[in-house]
Amino acid sequence: MSSNSKAASLAARLVESNNPNRSRRDSDDEDDDALFAELEEEIENDSNSSIREHGLQVLKAEMERMKHMQQNQHGRYAEITDEKEVVRVSAHEPRCVVHFYHPKFKRCEIMDKHLTKLAPKYYNTRFFRVFVENIPWLVEKLVIKVLPCVICFVDGVAKDRLVGFEELGNEDAFSTAVLELRLSQSGVLAKQKGTVLDPVFKVSSSRRQKDQDDDVFDLDD
């Protein structure tokens with residue numbers, strides 16, 4: 001497995017561990033530790049000390065970032081019941097998709113189903129729902145009158161909102177892809193392309209390849 005593949009695998013495991021439908025086993029934690037150790041060894045084996053030191057710092061920082069996001073429910077569709085917590089999270093997270101719902105509304109249930117699918121796909125965006133009766137002040141502040149209501153927050157600002165299903169074909173049988181396309185228009189969905197570790201491994205791999213090329217002897221000389 002290449003270094004980039006190991007990094008991607010580890011990031012994917014951290015995302016998957018937040019899947020509420022999946023039970024995490026002790027062996028998964030052991031596998032994560034082993035993968036981390038392999039990545040660390042890969043960097044430590046680089047002959048360039050500056051690249052080695054920088055690589056280890058980047059690796060540890062990225063792991064801390066991923067674990068912090070995991071602890072803060074990134075990668076899963078969760079529920080927040082406290083109004084102050086809703087305000088705090090939507091104000092401090094770079095990207096949030098918030099579903100204001102009522103359990104008696106069938107269309108809210110349909111929206112839940114689609115957002116549950118999107119949350120693991122967009123790890124850098126926080127997805128959660130809030131029961132409108134728990135947040136009377138916010139409902140009035142945001143002028144929420146029709147459910148389901150999905151509001152997209154970017155850097156603490158409500159950038160966009162989706163009210164009902166009118167923009168989704170005005171039917172219950174819309175696909176998750178339709179919702180995904182609509183939400184992407186607000187800039188709230190940002191799919192991670194690779195990891196911050198990629199440049200480190202690219203430099204390390206290039207240097208290693210050059211060293212290998214220098215060791216090739218031309219028997220015709």
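This is a predicted model: local features need pLDDT of at least 70, side-chain atom pairs count only at pLDDT 80 or more; totals for chains, interfaces and linings use all residues.
View 1. Residues are numbered from 1 along each chain as its sequence is written, and side-chain values use heavy atoms, with hydrogens and water left out. S4 and S5 run antiparallel and are joined by 6 bridges. The hairpin has 2 residues between the strands, and in it Asp155 takes a positive phi near 55°, although Asp155 is a residue other than glycine. With 58% relative accessibility, Asp155 counts as exposed, where exposed means over 50% relative accessible area, buried under 20% and partly exposed in between (1.4 Å probe, protein chains only).

**View 2. Both faces of strand S4.** In a regular strand the side chains alternate between the two faces of the sheet. On one side of S4 lie Cys149, Ile151 and Phe153, and on the other Val150, Cys152 and Val154, all of them buried. Strand S2 (residues 95-101) pairs with S4 in the antiparallel sense over 6 bridges, and the partner of His99 in S4 is Val150.

View 3. Leu147 and Pro148 are joined by a cis peptide bond, with omega about 0°. Pro148 belongs to the loop between helix H6 (136-141) and strand S4 (149-154).

**View 4. Aromatic pairs.** The whole structure holds 2 aromatic pairs, counted when the ring centres of Phe, Tyr and Trp (its six-membered ring) lie within 6.5 Å; planes under 30 degrees apart are stacked, over 60 edge-to-face and the rest tilted. One of them is the tilted pair of Tyr101 and Phe131, at 5.8 Å centre to centre and 35° between the planes. Because Tyr101 lies in strand S2 and Phe131 in strand S3 (residues 126-131), this pair ties together parts that are 30 residues apart in sequence. The rings of Phe165 and Phe174 have centres 4.9 Å apart and planes at 75°, so this pair is edge-to-face, and both residues are buried.

Methods
Helices (H or I, at least four residues) and strands (E, at least two) are DSSP runs, numbered from the N terminus. Two strands pair if DSSP finds at least two bridges between them.
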